[in-house]
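Please study the sequence and the structure before reading each solution.

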Amino acid sequence: MDLYVMNCELLATCSALGYLEGDTYHKEPDCLESVKDLIRYLRHEDDTRDTRQQLGAGQILQNDLLPIITQHSQDKSLFDACIRLMVNLTQPALLCFGKVPDDPTVRHHFLEVVSYLQAYKEVGVFLFFTFHLYLTRQDWEQRQEEDNLLIERILLLVRNVLHVPADPYEEKNVDDDASVHDKLLWAIHMSGLDDLIKFLASAQSEQQWSMHVLEVISLMFRDQTPELLVSAGQARSAQEKQRDAQELEALRQKEQAEKRSRTLQRGTRHSRFGGSYVVQGLKSIGEKDVIYHRGLHNFKNYTHDEGKAVRRVPKRKLHARDSEGKRRSALNVRLFLREFCMDFLENCYNRLMYLVKEGLIREQAQQHDETYYLWALSFFMAFNRGNGFRADLVSETMSIRAFHFIERNITNYYEMMLNDRKEASSWSRRMHLALKAYQELLLTVNEMDRSRDEDIRQSANVIKSNIFYLMEYREIFLTLLRKFDETKQPRTFLRDLVESTHLFLRMLERFCKGRNNLVVQRKRVKRKKSKGRKNPTAAETTPEELEETWRAVAEELRATSFQLSEALTERAVPFDAASETPLEEQRTEAMVRVQDTLLNRRGPEALGLLRAARSEEDGELEEEEELESVRVSETEFNFLDFIKRFANPNVVRPYLLLLRSYSQNSPHTNHCITRMLHRLAVDLKMDALLFQLSVFCLFNKILGDPAATAYKELVTFAKFVLNRFFALAAKNNKAFVELLFWKSVGAAREMTEGYSKEGSNKKAKWTPEEEDELRTLYEEHRDSEVPDIVETLLPLLSNTTRTRRQVVAQLVAMGLVDSVKELKKQRLVSVIQGVLSGCYISVDVLGNILKKVTAKRSRARMVEKLLSMGLVSDRRELHKKRRRNPNAPGKSAAMGMTEEEFLAHLPGGLTEEPMEGEEEVEEDEEDEEESEGEERERQAPAARGRKSWMAERESMVEKNASLRTMVYTLRQEGMSGPLLWLQNCLNRTADHREEEGLFQPVPIVPLTEENEDAMEKKSFQRLLRKIGVRAPADEQESFWRIPAQMRPSQLRGAAEVLSPSQDALAAGAEESEQPTPGSPIQEQQQGEADSHEQRTQALRALLLARKMKQPSASAEHTGQQIRHWLSEMAPYSLYSALVLIRTLCVLVQRSAEAHSAPAKRKRQRVLIDDDEDD
């Protein structure tokens, strides 16, 4: 803009500022008022920013404002006003115009403002010395509110000057040359402003400037990369030299290959005798073959599109442009910035990033300020990783919170990119920053995993466990690949995304190795459609009658002018808020009532109901409403199954799009692409996904590249895919047609394994006869209490081709079963109850349950399922019991003994002959045990402990003797009352368990002071533990508890030990022989008596069990005998009871099998899956 066309008032105001004479600036008396007038003019400028352009053309900042603040800085009010004016003049053009204008005229004004800003940047070097002097003039305690405001304006002015973009046409600098921005950075260093910035970032009293400081730092490093700064001033390593030599050799080979190709293409004849050729088989516009009028060496580039006008690509389909590349600054600038980074990481990084993060979380920052945080995280963590990695320097941003913050921002940016289409490119750049930060976090975790410090490796393992467990962190790369859009996201974004995905998969694969069962979280968004019920069909009426009814209702409503009386309005209540009926059903009922009143020609009443329903609903009635519910569950992770999710055309396509620029890609990028395609084609055997014509054209370009030796990995993979295709084409004559289409996993499988017949996937139909048969069989076996009714019905159906899925679906369709989940729940309950009935005497109850089901479920999830279904009252009942030493006395050995071995240890052995039919029963049991691998596993540890059975029996005798001794000692100490109270508690619990049949932990609550004192004594607590009473497990439990595993017979036996008669026996024995309490003589005598009685009862129990196995024994008689024997068993006869219980379980099982379906199936492992429908 020409100075002569400046506004008169504006020109007069500028003239009143002062004048420059030599190097001295003389200000006018009205200088302060003139500066304020200029600020006022800028506040009222028009949309073209005319005032800003006129001041820029007049160079007011260079000729007036800058000399004023440098020579008259002692005038505080004038200095403050000049800073305000300079902040306004240097404001970025994007903030002035809001965005880059589309209109050519407004865009011209935009570019004019940018050119003036670039002129300001050239003189900005002189500002920093003045700023440093002013900012260090006062301490924090001496500052006023005006001083803080001025400091903020100075920081904004520094930000504005650094933000001005470079002018590539004016500068035209090469690498290692000083640009305008480099000169500004050097001025910052020479003035000491960089030290002041580090002070503001680290001082406790200056934390209010944290966001401004981070913004200035990000603009300082705008053109830099961490790799260049790390290597500044250092000799290149051997690896870097080798990499550069390889790149140079590749370029040299490519150049030589192209030179040889041009030599071979050059014809021997003169160009005037090029000749004409007929291309056979290639038709021209007419019916004749194409005639080619050039040399044959150019024919490979021939195309029908030659000479045609280039088709213009629509603007909405143009590929997003990459941001400008980085340049290498002058060496002195890079050395200064390298020292700045090292000091910043050492003293400022963790504190500043914490303050900025808190400000972002509390929403105390401006919009989009999180981009500076994301940039700083990725830049400084990358610098730390390359400059001798130290985890403590970046500890603030190395946490799960950082992963969550970045993942949330990536999701938000993607959603805004879809919604705000006009600003899609801006949101795409922000998402690219977030992706770079996420990639740097993964690289840092990978670096921590290779550290020599064990604590750092452990921390990295904890972080990896969290990010691999949560579904959001695992799925983020897969989602970004599937949603990639080349029109909104540039090629550099795709490159970083591919490299990040490669790093994440490599870390995940390494983490999964050596772990048999990695449990991860899974979320399923279940969408339900709540459909309103269909309106019940009214009485059949003809269209004429309906038309007449509607005419009558319309006339009635017109007569009332659609006005309703108050009584009618008050009486119209469409919904009942107190009713338990769901709102959807009430809505349907209201619609039916409106229809009924219309049919009955009660128009006003129908109108009242309709208005009342609309007012209460506050919106339109929807017949269908999608309800989303997120279900969170746990599942075992399989790495190969996770890779299968990448076998999708929407994921493969971005990889191939990036592969098109293989010659410009770095070797690492090409390796990441090839590795992913190798996973799909080789590991998953999904090479048919790459059988596409555009892919083959790309492979042909790679194989024909003169510098193909530089891409050995790509060449090898391309040859592999092509060989696989031609091998398949020899078998499938439709393979060449399939090249025209992108294929899904199903289409790729059909292409390689064969096409399915048409109509094979149609739903199977049921005839009326089959439905009647299914209904009859279901009614017959519904109350039979079989474990799985579907498995029972399958062999009984006349159509043997029916599958389980078809039968279940038909049962639900016919209304015989409410839902599939009901069947699954019944099936689950029966299976687990069956497993529990045979598992409670084993060492690992929960382990045996997990073996019986094939669905992969974690132990924690199975425990929660058992507790929620009420099959187990306490999770401690499922804890794995510790196996005792086989050589030590214990009861595990006796529990695994056979009957013959059990009787062999009894006095005299077993002299009777085997009963009739016993051998057959034992053979059947052996067959069943051979078919069950779990039984063999339980028998193995039991067999190792059979030799110690006698020692275990002696330990039981010693235990009973020691109990009597402890009771006697406590009575001598005056605890007869607490012992009587404990005995009553045990007897009451035994009675309750016999009557109710419920086995739950029962707390022992002392209500008297005497009992409370006894419960606190160590001797009384030792007695409780000896009996089997459990101490409080954690802080949430206050009382001792009788475990749920103790049976009534055990409780009564323990109560009998506490009786005074047993105490008297112990006392009499002591008085007669005068031994000390717990004497070996007394214990041996009592042990011999107990052992003899014990063995006698065990023999009687075993003989009864053998009689029970005979077919002639009646079930009623057997049950009475069992109840009689169990009631007479002493508390120490545990193994006799186990013999009877085991025999009873065998009889019950055989009785159920005898009454079940005739076609007996072998016991199957049951698949239990409550999360997915059949």
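**Exercise 1.** Determine the handedness of the crossing of α20 and α23, and state which angle their axes form.

*Solution.* Step 1: the crossing of α20 and α23 is left-handed, that is, the near helix is turned anticlockwise from the far one by less than a right angle. Step 2: helix α20 covers residues 424–449 and helix α23 covers residues 491–512, helices being DSSP runs of H or I with at least four residues, numbered from the N terminus. Their axes lie 10 Å apart at an angle of about 30°; axes are lines fitted to C-alpha atoms over the stretch in contact, and angles run from 0 to 180 degrees between N-to-C directions. Step 3: α20 is therefore roughly parallel to α23, a term for angles under 35 degrees.

This is a predicted model, in which local features need pLDDT of at least 70, side-chain atom pairs count only at pLDDT 80 or more, and totals for chains, interfaces and linings use all residues. Residues are numbered from 1 along each chain as its sequence is written, and side-chain values use heavy atoms, without hydrogens and water.

**Exercise 2.** State how confident the prediction is on average.

*Solution.* Step 1: pLDDT is the predictor's confidence in each residue, from 0 to 100. Step 2: the protein averages 76, and 70% of the residues score at least 70. Step 3: over residues 1064–1089 the pLDDT is below 50, yet this stretch has 21 contacts (heavy atoms within 4.5 Å) beyond near neighbours in sequence. Residues 1111–1116 also have a pLDDT below 50, with 3 such contacts.

How values were computed: Helices (H or I, at least four residues) and strands (E, at least two) are DSSP runs, numbered from the N terminus. Angles under 35 degrees count as roughly parallel, over 145 as roughly antiparallel, 65 to 115 as roughly perpendicular and the rest as oblique.
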